[in-house]
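Opening the notebook on a new model today. I want to go from the overall build down to single side chains.

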Amino acid sequence: MDFALIGFGVSNRSVLNFLMEKKMGNIFVSEKNSLSDEDKSFFLKHGIDFEENGNTERVLKSDLIIYSPSVRPDDPLIEMAVKEKRAIGEIEFAWRYILKNSKVVAITGSNGKTTTVSLTDHILKISNIPHFTGGNIGRAASDRRDEPISLLEISSFQLMGTDTFVPDIGAVLNISPNHLDWHKSFEEYVDSKMKLAMSKTFVYNADSMIPNVNGIRISRISGDIVIDDNGFKIGKTYFSLDKTKLRGIHNVYNAAFATFIAELLGSSEDQIMKGLETFIPLEHRQEVFAKIDGVTYVNDSKSTTSESTLKALENFKNPIVIICGRPKEKDYSNLAKGLKERSKSVILMGEMIPVIEPLLNGTRYFKVSSMEEAVTMAKKIAEDGDFVLLSPAATSFDMFKNYEERGREFKRIVYGKVNE
């Protein structure tokens, strides 16, 4: 059998490793950018045909084409092959060839995927339940081998490349407008997420922009799993988060999903509580990392959309908010409204200044040119009991290489600056 891989990123590297390990057939790699000398040497050594600096119709000569998540299924090159069901994404490939003899859990959502998957993984480890964790986090799904459970974080891009993927447990944490620079419409984005509604057991956030479908509902109001500000109830058991480091209503939802899934996979209530209480929240996600001179500092650098920043504003009372980065949305009016209603002050930096400043009528704001200036300004205007929240609502690419670098720079400056 002849296989073609379009794109040679993390996911298709794993596909290649599996194909070679199982000696499944001939492999052709097609990369639209330049390949590294190391990769080309590897291909030549192992007799793998390849092309670089462009994808050509040579891929169509293969029996099965596996395309990277960045490639749309309606790409003109492979659109017909997709319709013929011989061009698929990496998750679909893993489902057909690698995941079949394991219990598959797939978790998606606009926000909170990585936290929920990481928390579920932590609880399963506490419970000594063997499992594989991957997908859109860490290792690709195609890296799984013999583990009896496959716990996967799945993006909308990855779901677009699926056809017969039906997990044992599927979860949609929430839906809000996102990635509309790649998806053709919000409806397409929602439809890709909602593929998981076909899962054997489906659980979803009934308080989000999710179509009402059959499944286990998590809700503040009328759910099969009911949450409040401090915890949630599953069956007759109330799980309190008071002794955990999980703060904010978003993390109550995340913990409810993780707990429900862990219970289905065999974790006891005692193991779950131990997992919840020992879990360290992920960096850059509404991360409360310092309290100095009565002021609490929160690193939410991962928030690159209006929606995620608005979520953060719900969790911290009247914060001083740092908005910065390169805009990726067309309309920031909802963000501006939220900042006016829920923030004490706004500090603007980078390419977001000309975009958001005209919308901040009636909102107290300051303009700065660096993260160091932003922290200095925040220190100057903050009072005892205040929160200083880095929640940019934009990408990092105007001043930093990624959101991690931006968040760590914020933390580094805070630790230094406030102690002068």
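These are my entries, in the order I looked things up.

**Ground rules.** I am working with a predicted model, where local features need pLDDT of at least 70, side-chain atom pairs count only at pLDDT 80 or more, and totals for chains, interfaces and linings use all residues. Numbering starts from 1 along each chain as its sequence is written, and side-chain values use heavy atoms, with hydrogens and water left out.

**Overall build.** I get 14 helices and 20 strands; these are DSSP runs numbered from the N terminus, helices being H or I with at least four residues and strands E with at least two. The C-alpha atoms fill a box of roughly 65 × 50 × 40 Å along the principal axes. For 420 residues a compact globule would have a radius of gyration near 22 Å, and the 23 Å I find here agrees. That radius is taken over C-alpha atoms, and the globule rule is 2.2 Å times the number of residues to the power 0.38. Of the 420 residues, 55% count as buried (under 20% relative accessible area; exposed is over 50%, partly exposed in between, with a 1.4 Å probe and protein chains only). Contacts (heavy atoms within 4.5 Å) came next: among those with a separation of 6 or more, 63% join residues 24 or more positions apart.

**A parallel sheet.** I traced an open sheet of 5 strands, ordered E3-E2-E1-E4-E5 with parallel pairing; strands pair if DSSP finds at least two bridges between them. Strands E3 (49-51) and E5 (87-89) are at the edges with a single partner each, so one side of each has no neighbour in the sheet. From one strand to the next the twist averages 20°. E1 (residues 2-6) and E2 (residues 26-30) pair over 5 bridges, with Asp 2 opposite Asn 26. Helix H4 (residues 90-97) packs on this sheet, touching E1, E4 (64-67) and E5, and its direction makes about 95° with that of E5. Axes are lines fitted to C-alpha atoms, for helices over the stretch in contact, and angles run from 0 to 180 degrees between N-to-C directions.

**Salt bridges.** My search of the whole structure gave 24, each a side-chain nitrogen of Lys or Arg within 4 Å of a carboxyl oxygen of Asp or Glu. Asp 74 and Lys 184 meet at 2.8 Å, N to O. Asp 74 is in the loop between E4 and H3 (79-83) and Lys 184 in the loop between E9 (169-172) and H7 (186-193), so this pair ties together parts 110 residues apart in sequence. Asp 74 is partly exposed at 23%, while Lys 184 is exposed at 62%.

Which partners does Lys 344 have? I found Glu 383, with the closest N and O atoms 3.0 Å apart, and Asp 386, at 2.6 Å. Asp 386 is in the loop between H13 and E20, 42 residues from Lys 344 in the loop between H11 and E18. Lys 344 is partly exposed at 27%, whereas Asp 386 is buried at 10%.

**Thr 133.** Last stop: Thr 133 is in strand E7 (residues 132-135) and is buried, at 17%. Leaving out residues up to four places away in sequence, it touches Val 117, Asp 121, Arg 139 and Leu 151. Its side chain makes a polar contact with that of Asp 121 at 2.8 Å. By polar contact I mean a pair of N or O atoms within 3.5 Å; within protein, one must be able to donate a hydrogen and the other to accept it, and residues adjacent in sequence count only if both atoms are side-chain atoms.
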